[in-house]
Amino acid sequence: MKNFKKIALLILIMVSMFNCSHDTQIGNEDDKFENSQMLRVTSLASDQDFILYLNNTNMHLEGIKDIVKAEELLEKGENISEQEKEELAIAFGYNSYISWATYHVDQSRLLKKMDDKYALTEMPILDLEDNIADALGYTTQGSFCEDRYSNCLAGAMAQAIIAHVGCGWADLTVAAGILCHGAVYAWHTSMNNDCGYAYHDCLG
């Protein structure tokens with residue numbers, strides 16, 4: 001698992017650096033751009049494509065059958081075989097590689113559409129997290145543990161979205177697409193699990 005964790009960490013570091021560079025650019029733009037940015041931020045949470053993307057992602061994560069097997073296969077990187085692609089799809093909860101690839105293509109189209117419209121990689125990460133929380137109904141519950149859990153899930157989703165954008169619109173039929181997007185899905189699952197563990201610890 002060490003190699004997989006290194007790969008996932010490298011992806012996330014690269015994406016975080018990319019996002020930080022855009023945040024710096026935003027701070028140096030004029031008021032007109034900032035007003036445009038604010039419009040994008042406030043309208044994202046109600047965008048039906050955004051809501052669909054988030055719901056699809058959560059359904060995908062909930063359907064993963066064997067994350068350990070998926071991580072083992074992802075470690076193969078460009079050496080993954082056609083048979084192992086099928087095994088990877090099954091580990092991710094799909095009947096075949098084609099069905100998993102179809103899901104990915106649909107999600108990538110939604111994500112690209114949103115990135116073109118809202119410039120997700122230029123949006124401050126906290127604003128993206130707030131929009132995710134609003135879109136998924138993560139409202140304040142009056143409970144420290146509930147709020148902390150919701151914020152954790154929103155943060156994991158935001159980082160995963162930026163990571164998927166950072167992967168580019170990679171073709172899932174080639175090893176690069178499998179390695180990058182697959183690693184993000186596995187990382188996202190791990191982060192959601194950590195959120196759950198922290199929540200239960202908080203409840204005592």
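How are α3 and α8 oriented to each other? They are roughly perpendicular, a term for angles of 65 to 115 degrees. The model is predicted: local features need pLDDT of at least 70, side-chain atom pairs count only at pLDDT 80 or more, and totals for chains, interfaces and linings use all residues. Residues are numbered from 1 along each chain as its sequence is written, and side-chain values use heavy atoms, with hydrogens and water left out.

**View 1. The whole protein has nine helices and zero strands.** Helices (H or I, at least four residues) and strands (E, at least two) are DSSP runs numbered from the N terminus. Of the 204 residues, 47% are buried, meaning under 20% relative accessible area with a 1.4 Å probe, protein chains only.

**View 2. Helix α3 (residues 48-62) crosses helix α8 (residues 144-167) at roughly 100°.** Their axes come within 12 Å; axes are lines fitted to C-alpha atoms over the stretch in contact, and angles run from 0 to 180 degrees between N-to-C directions. On α3 the contact (heavy atoms within 4.5 Å) is made by Phe50, Tyr53, Leu54, Thr57 and Asn58. Met157, Ile161 and His164 make it on α8.

**View 3. Gln107 lies in helix α6 (residues 97-118).** Gln107 is buried, at a relative accessible area of 3%. Leaving aside residues up to four places away in sequence, Gln107 touches Tyr53, Asn56 and Thr57.

**View 4. The side chains of Gln107 and Thr57 make a polar contact at 3.1 Å.** Such a contact is a pair of N or O atoms within 3.5 Å; within protein, one must be able to donate a hydrogen and the other to accept it, and residues adjacent in sequence count only if both atoms are side-chain atoms. Thr57 also takes part in the contact of α3 with α8.

Key
Angles under 35 degrees count as roughly parallel, over 145 as roughly antiparallel, 65 to 115 as roughly perpendicular and the rest as oblique. Buried means under 20% relative accessible area, exposed over 50%, partly exposed in between (1.4 Å probe, protein chains only).
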